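Student: Could we go through how the parts of this protein meet, and what lies between them?

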Amino acid sequence: MSGKYLVTGGAGYVGSVVAQHLLEAGAEVTVLDNLSTGFREGVPAGAAFVEGDIRDAAKWLDPSYDAVLHFAAFSQVGESVVKPEKYWDNNVGGTLALLGAMREAGVRTLVFSSTAATYGEPVSTPITETDPTAPTSPYGASKLAVDHMITGEAKAHGLGAVSLRYFNVAGAYGEYGERHDPESHLIPLVLQVAQGRRDAISVYGDDYPTPDGTCVRDYIHVADLAEAHLLALKAARPGEHLICNLGNGNGFSVREVIETARRVTGHPIPEVPAPRRGGDPAVLVASADTARAKLGWTPSRADLAGIVADAWEFAQQTAGNAREQ
């Protein structure tokens, strides 16, 4: 893949994996990240790195860039409830500035990291892109607001854009994986128990209308996700805003994830019951039919054990590196 691409938030989990995939495809990559939640070591070795804020993207963006892949956002649902202004300011205000910089530089292709949180409580499963959007958190609302902004930019100014609404991203790709601080995702939290970094994993609610009473989620391997972004670059059309869900179309319960992690790691992984969390739907599973039809994308790493095994390898590698420092 030829071309020059700006990856905002490319020092974070998904952004770093996408940047690495771009490099492996032969692209020229610049990562823009302020390192507020990302990690400098997450920037792939072959990428140029600019430490800065997306609000200042106009300082570095110029007509030599073919597209922007936009991952720079705050993404903690709980934090967004108590600090909504932080999410409106960064996720929405920052993206508005980025769109202006792109317009000024004449860069007319964008792939945006959106989220299943735009749907809120689903009316049916699997969730399709035509289902109602009713976010239950300021985080989800901020991402939906950006989707609306992009639609307007495409119609008014000819932007070719694709928004990819992720479901539960997991796994790792070589030396690139999850290292959020604080960590809120189930698989890395379960693996922290296996490492002895936590005493037990909390199971929030065991009385949902699901086969084992725990929440069911759609897990997608981060490498499959990255491949969808490269396909999205090719699918973007001037003046159009395409929205695609990214998921496997299959759900795994919290208890299934824990049991899979026990088998993969060989550790017992104690669990403790905890009250339901507000706003946690019983089932969140994606229909990825649009991504298959419009992008030509089919996930190839849908096996939960494989996803957990990749995440476990990365977790052990990261812990080993930390001990050496």
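Student: What is the area buried between domain 1 and domain 2, and what share of it do carbon and sulfur atoms give?
Tutor: This is a predicted model, and its domain assignment gives domain 1 (4–170 + 219–246) and domain 2 (172–217 + 250–284 + 301–324). The size of an interface is often given as the accessible area lost when the parts come together. For domain 1 and domain 2 that buried area is about 2,300 Å², and the share from carbon and sulfur atoms is 61%.

Student: Which residues in domain 1 lose the most area to domain 2?
Tutor: Contact between the two domains involves 29 residues of domain 1 and 24 residues of domain 2. On the domain 1 side, 33% of what is buried comes together from Y13, Y219 and H221.

Student: How many salt bridges does the rule find across the interface of domain 1 and domain 2?
Tutor: A salt bridge here requires a side-chain nitrogen of Lys or Arg within 4 Å of a carboxyl oxygen of Asp or Glu. The side chains of E41 and R179 meet in such a bridge, at 3.5 Å from N to O. Across the interface of domain 1 and domain 2, the number found is 3.

Student: Which element gives the most to the lining of the second largest pocket?
Tutor: The lining divides into 13 nonpolar, 9 polar and 8 charged residues. The elements that give two or more residues to it are α5 (186–194) and α9 (304–324). The one that gives the most, with 8 residues, is α9.

Methods. Residues are numbered from 1 along each chain as its sequence is written. This is a predicted model: local features need pLDDT of at least 70, side-chain atom pairs count only at pLDDT 80 or more; totals for chains, interfaces and linings use all residues. Side-chain values use heavy atoms; hydrogens and water are left out. Helices (H or I, at least four residues) and strands (E, at least two) are DSSP runs, numbered from the N terminus. Ala, Val, Leu, Ile, Met, Phe, Trp, Tyr, Cys and Pro count as nonpolar, Asp, Glu, Lys and Arg as charged, and the others, Gly among them, as polar. Domain bounds come from an automatic or database domain assignment. Contact means heavy atoms within 4.5 Å. Buried area is the accessible area (1.4 Å probe) that two parts lose on being put together, summed over both.
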